[in-house]
Amino acid sequence: ETSRAIAHHELNSRSSRSHAVFTIYIESRSRLESEPSYTRSKLHLVDLAGSERLTKTRPNGQVEQEAMYINRSLSFLEQVVVALADKKRSHVPFRQSKLTHLLKDSLGGSCKTHFIANIWTEPEQMEETLSTLRFATRIMNVPSQPAPNVHYNYALLLDQYKEEIR
């Protein structure tokens with residue numbers, strides 16, 4: 001949190017100026033040394049900076065530039081989500097931004113994706129709330145086929161095959 005940029009604008013006195021991605025790698029092995037297979041998992045915890053309507057937040061200088069980058073990044077993420085949900089599309093534009101490229105293996109495919117949407121309850125923020133809920137709905141439409149990510153210790157497997165042959 002200390003290296004995360006925070007700035008002030010009309011709607012939020014402590015607005016984060018970037019997305020945050022925290023990745024945890026997990027490896028699960030059997031307690032039996034003779035078991036050649038193990039499972040690897042990756043957990044991305046992503047905190048997206050909220051999109052900003054420049055007319056509402058009225059940012060200046062650096063904060064305005066950051067808002068434009070945030071909005072562009074979120075737009076690229078939405079394009080990826082729309083492409084993944086459309087079964088007719090053959091190309092998914094993962095390489096448009098660092099965020100979409102980083103999350104490529106977590107969006108759709110063989111993983112589980114959970115999305116938590118934070119929304120405003122104030123009536124004057126209804127437009128942002130509806131936009132967030134529409135995005136969450138698009139995320140829900142991304143198909144996935146969760147499957148274990150099993151790997152093998154080939155040296156151990158080779159030793160087991162040698163034993164079988166003898």
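The legends below describe close-up views of a predicted model. Residues are numbered from 1 along each chain as its sequence is written, and side-chain values use heavy atoms, with hydrogens and water left out. Because the model is predicted, local features need pLDDT of at least 70 and side-chain atom pairs count only at pLDDT 80 or more, whereas totals for chains, interfaces and linings use all residues.

**View 1. Overall arrangement of the protein chain.** The protein chain has five helices and five strands, which follow one another along the sequence as β-β-β-β-α-α-α-α-β-α; helices (H or I, at least four residues) and strands (E, at least two) are DSSP runs numbered from the N terminus. Of its 166 residues, 26% count as buried, where buried means under 20% relative accessible area, exposed over 50%, and partly exposed in between (1.4 Å probe, protein chains only).

**View 2. The largest nonpolar core.** This core, a set of buried Ala, Val, Leu, Ile, Met, Phe, Trp, Tyr and Cys residues joined through side-chain atoms within 4.5 Å, has 13 residues, of which Val80, Leu84, Val92, Phe94 and Leu107 touch the most other members. Helix H2 (61-85) and helix H4 (126-140) are the elements that give two or more residues to this core, and H2 gives the most, with five residues. Leaving aside neighbours within four places in sequence, Leu84 is in contact (heavy atoms within 4.5 Å) with Val92, Phe94, Leu107, Val142 and Pro143.

View 3. Arg138 and Glu78 form a salt bridge with the closest N and O atoms 2.4 Å apart, the term denoting a side-chain nitrogen of Lys or Arg within 4 Å of a carboxyl oxygen of Asp or Glu. Arg138 lies in helix H4 and Glu78 in helix H2, so that the pair links distant parts of the chain, 60 residues apart. Arg138 is partly exposed, with a relative accessible area of 28%, and Glu78 is also partly exposed, at 26%.

View 4. Salt bridges that share partners join Glu27, Arg29 and Arg40 into one network. The side chains of Glu27 and Arg29 meet at 2.8 Å, N to O, while the closest N and O atoms of Glu27 and Arg40 are 3.1 Å apart. Because Glu27 lies in strand E3 and Arg40 in strand E4, the latter pair ties together parts that are 13 residues apart in sequence. Glu27 is partly exposed, with a relative accessible area of 41%, as are Arg29 at 49% and Arg40 at 37%.
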